[in-house]
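These notes are meant for a colleague who is opening this entry for the first time. Please keep the sequence and the structure at hand while reading the points below.

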Number of protein chains: 2
Amino acid sequence: MSDTLPLLVGGSIAIDNVKTPTDEATNLLGGSASYASLAASYFTDPVHLVGVVGSDYPPEHLAMLERHGVNLGGVDRSDGASFTWSGEYHQNMNDRTTHNVAVNVLQNWQVGLSSELAASPVVVLANMAPANQLEMLAQCTAPGRFVLADTMDLWIEIARKELEEVLAGIDLLVINETEAREYTGSTNLVTAGNLLRAKGPEYVVIKLGEFGAILFAPPECNHGLFRCGAFPLSEVADPTGAGDTFLGAMAGYLASLGTTDYRFEQIRDAVVRGTVMASFTCEAFSTRRIEELSELELLERLEIFREMSCW
Amino acid sequence: MSDTLPLLVGGSIAIDNVKTPTDEATNLLGGSASYASLAASYFTDPVHLVGVVGSDYPPEHLAMLERHGVNLGGVDRSDGASFTWSGEYHQNMNDRTTHNVAVNVLQNWQVGLSSELAASPVVVLANMAPANQLEMLAQCTAPGRFVLADTMDLWIEIARKELEEVLAGIDLLVINETEAREYTGSTNLVTAGNLLRAKGPEYVVIKLGEFGAILFAPPECNHGLFRCGAFPLSEVADPTGAGDTFLGAMAGYLASLGTTDYRFEQIRDAVVRGTVMASFTCEAFSTRRIEELSELELLERLEIFREMSCW
């Protein structure tokens, strides 16, 4: 992978406690940046993780990330308790209830990038407070860098102004369906995608969960659209982190191309890889399935997905 | 089109009154078989329509179907009032409220096929009472015929036994997402599709509305699946009849192939054509958009859809 570019992934690193209709588990590796960096590690090298953990953070989670080549030099260690999320999925595995969010060490965290990390040519602002995303963005120094970002409903509600600033400074936004409708006030997804593009990012991906994703691009590229399905799964064990995995795999694939000046087809191919990688995440709690993924399994599923989707 | 096979389409022929958040119209051409036969007429010839209308039925609707080559010899004329549906779409254009259904002449209608129509090699049992679907099925005589059917939530609730008999006698079922989940009791769509296949039909298509459709096939064909998106529309004027259009276009395309012994790829290509034809239906009230469709528009959208969906 001598041509691959360094990738910087900033976001939350959490402890998750997850309950599903058939199972439950505690003290899991969670957080947007954890999933994204692990997923990216299948495509590019190095992957630099930026975030904060408390003194209670399970060392085995960080060790697992390191085994996958994720560089932890940018992970701050704080004296407080780690960011923790506890939630429960309902019977359909789409709706979930958050039982508890303990922000803890994230509360007062500030992004401080080393000059090496600040020079990363591909940057992921995984889901975190827009204020932190802006902090990180302001420290990035690489000319012609490509920046991908995600967000969530909470920030649309309480930090819309900062979020608008984030959008103005990035190249690709990933957002889920209900958030896109909420943010733009449009029930039509095509309209919503184009409204989001008008706020700054050249590319917008609206995630549809089990129904896939839509990539919005400049109108002169492929009619401005790519419609990607989701890889069909007969069992979903835990969808937590699927969206973060999607984002990380997209970014990792793009960084692996050795450029930051992407053609539409390369962004499209990144969406496909994000989709397939996210399908593995859904097959087990936390990152358990993607921790053990082989390159062959990934390539095989990519080919099956192409056969299932193209004609 | 000398190689095309005759297609028989049985189902409801209705008068629709439709209200949307921005517009409304009354006395429209409606009914499952109306949409399906018109859509099929773009692909195959002859298309035989079977159904019943009352003495109040607007003659211009029937004249329009005839202009498109739909053969009305199998349409019964009754003294009563026509089947009428009145409904209203909500802001998101997905949810709708039915204000009134007047079954009228459909109440006591019985299917009676001429020997010519009974010998049709491709048959569509569009949405109607399973008892009528069974009546029609029992009269079909062509050896090796290919039968496609649709249904709706009402029949799953009040006529499940007859519906099971229908499923045992058909080759391809089209059903929407919520109905598939309700019928099978499975929230997982892959599982639901396979459970429906186990009831008889070799192929099952689960329609996902704006999110496309999933084709379920024997496991040895393309991993048992084809995942088709929907053609993205920035405005949906009236989705009524989109599913019926989908079914009719599928059947018309299959009949146009001059055989009833289809390869998986042909069923897949039929799903693509159904999807694209249904997108036109959504662009105006009733059949107004597909009435005026040119072959060139259809071919162009098919190509754009391929570019938007494949990689």
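This is a predicted model: local features need pLDDT of at least 70, side-chain atom pairs count only at pLDDT 80 or more; totals for chains, interfaces and linings use all residues.

1. Chain A is superposed on chain B by a rotation of 180 degrees with 0.0 Å of shift along the axis, at an RMSD of 0.0 Å, which is the relation of a two-fold axis. Within chain A, the C-alpha that lies nearest this axis belongs to Cys310(A), at 2.4 Å from it. Both copies use the same surface, since 100% of the contact residues of chain A recur in chain B.

2. The C-alpha trace of chain A spans about 50 × 45 × 45 Å along its principal axes, and 52% of the 311 residues count as buried. Of the contacts in chain A between residues at least 6 apart in sequence, 68% join residues at least 24 apart.

3. The interface deserves a point of its own. Here 30 residues of chain A are in contact with 30 residues of chain B, and on the side of chain A that touches chain B at least two residues each come from helix 8 (189-197), strand 13 (225-228), helix 10 (264-281) and helix 12 (295-309). Helix 12 of chain A gives the largest share of that side, namely five residues. By residue type, the side of chain A that touches chain B comprises 14 nonpolar, ten polar and six charged residues.

4. Two of these helices can also be followed within chain B, where helix 10 (residues 264-281) and helix 12 (residues 295-309) pack at an angle of about 115 degrees, with their axes 10 Å apart. The crossing in which helix 10 of chain B passes helix 12 of chain B is right-handed. On the helix 10 side of chain B, Val272(B), Arg273(B), Val276(B) and Ser279(B) meet Leu298(B), Arg301(B), Leu302(B) and Phe305(B) of helix 12 of chain B. The residues of this contact between helix 10 and helix 12 of chain B are five nonpolar, one polar and two charged.

5. Neighbours within four places in sequence aside, Leu302(A) is in contact with Val272(A), Arg273(A) and Val276(A), whereas its C-alpha atom is separated by 42 Å from that of Asp79(A), 223 residues apart along the chain.

6. A cis peptide bond, with omega about 0 degrees, joins Asp45(A) and Pro46(A), and Pro46(A) is placed in the loop between helix 1 (32-40) and strand 4 (47-53) of chain A. In chain B, a cis peptide bond likewise joins Asp45(B) and Pro46(B), with omega about 0 degrees.

7. Which residues other than glycine have a positive phi? One of them is Asn222(A), with a phi of about 50 degrees, in the loop between strand 12 (213-216) and strand 13 of chain A; with 18 C-beta neighbours inside 10 Å, Asn222(A) counts as partly exposed. Another is Ser286(B), whose phi is near 50 degrees, and which lies in the loop between helix 10 and helix 11 (288-291) of chain B. Ser286(B) has 22 C-beta neighbours inside 10 Å and so counts as buried.

Notes. Residues are numbered from 1 along each chain as its sequence is written. Chains are lettered from A and ligands numbered from 1 in the order in which they are written. Copies are superposed by least squares on the C-alpha atoms of residues with pLDDT of at least 70 in both. Two residues are in contact if their C-beta atoms, placed from the backbone, lie within 7 Å. A residue is buried if 20 or more other C-beta atoms lie within 10 Å of its own, exposed if 12 or fewer, and partly exposed in between; C-beta atoms are placed from the backbone. Helices (H or I, at least four residues) and strands (E, at least two) are DSSP runs, numbered from the N terminus. Ala, Val, Leu, Ile, Met, Phe, Trp, Tyr, Cys and Pro count as nonpolar, Asp, Glu, Lys and Arg as charged, and the others, Gly among them, as polar. Axes are lines fitted to C-alpha atoms, for helices over the stretch in contact, and angles run from 0 to 180 degrees between N-to-C directions. A crossing is left-handed if the near helix is turned anticlockwise from the far one by less than a right angle, and right-handed if clockwise.
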